[in-house]
Amino acid sequence: MLSKILDIFQAEMRPETNAALSEEQKRLACAALLIEVAIVDNEFDAKELACLQRVLEDSFDIPKNQSAELITLAQNECMESTSMYQFTQQINLHCSPQDKFDLIVGMWRIAYADGELDKYEEYVIRKVADLIHVAHGDFIRAKHHSRPSQ
């Protein structure tokens with residue numbers, strides 16, 4: 001499994017990197033950042049996991065089994081990582097402004113999934129939004145767009 005993760009991130013160094021591999025890097029980076037929101041409050045519950053899986057399936061149009069594998073890979077990558085920079089760098093390389101906005105929306109959805117918005121979840125989302133160059137207005141718009149109806 002670690003070799004698969006290394007292959008994905010090292011492929012960028014090879015000139016023969018193709019679009020499919022770039023898509024894999026993008027998916028893994030997005031999944032890792034989504035997981036960061038889910039785990040930052042030390043409570044990664046079933047609601048957050050289900051929301052994470054839905055966000056990945058909807059964002060990347062992938063089946064449930066593929067999203068489960070992506071989550072496992074991303075969890076391992078998060079455990080090995082010392083910062084979010086490697087993930088945000090991939091987002092900046094491979095994502096459009098709309099992709100970045102959609103990622104922030106997904107992060108907010110996960111933060112709201114358990115019914116409580118933790119201050120650390122909001123901090124991670126704000127930090128990622130800054131690192132991937134999402135304007136503050138879009139950050140707020142994503143938050144309001146993702147907020148559950150009351």
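1. How many helices and how many strands does the protein chain have? In this predicted model, the chain contains eight helices and zero strands. Followed along the sequence, the pattern reads α-α-α-α-α-α-α-α.

2. The protein chain comprises 150 residues, and 45% of them are buried. The accessible surface of the chain amounts to about 8,300 Å². Carbon and sulfur atoms account for 51% of that surface.

3. The contacts in the chain may be considered next. Among those between residues at least 6 apart in sequence, 68% join residues that are at least 24 apart.

4. One pair of helices deserves a separate description. Two packed helices are described by the angle between their axes and the distance between the axes. Here, helix α3 covers residues 46–60 and helix α4 covers residues 64–80. Their axes come within 9 Å and cross at roughly 115°. Angles from 65 to 115 degrees count as roughly perpendicular, and α3 and α4 are therefore roughly perpendicular to each other. The crossing of these two helices is right-handed.

5. In summary, the chain has eight helices and zero strands, and its helices α3 and α4 form a right-handed crossing at roughly 115°.

Definitions and conventions:
Residues numbered from 1 in each chain as written. Predicted model: local features only at pLDDT ≥ 70, side-chain atom pairs only at ≥ 80, totals over all residues. Heavy atoms only, no water. Axes fitted to C-alpha atoms, helices over the stretch in contact; angles between N-to-C directions. Helix = DSSP H or I, 4+ residues; strand = E, 2+ residues; numbered from the N terminus. Parallel < 35°, antiparallel > 145°, perpendicular 65-115°, else oblique. Left-handed = near helix turned anticlockwise from the far one by under 90°. Buried < 20%, exposed > 50% of the residue type's maximum accessible area, 1.4 Å probe, protein only. Contact = heavy atoms within 4.5 Å. Areas by Shrake-Rupley, 256 points an atom, 1.4 Å probe, with all protein chains shown as cover.
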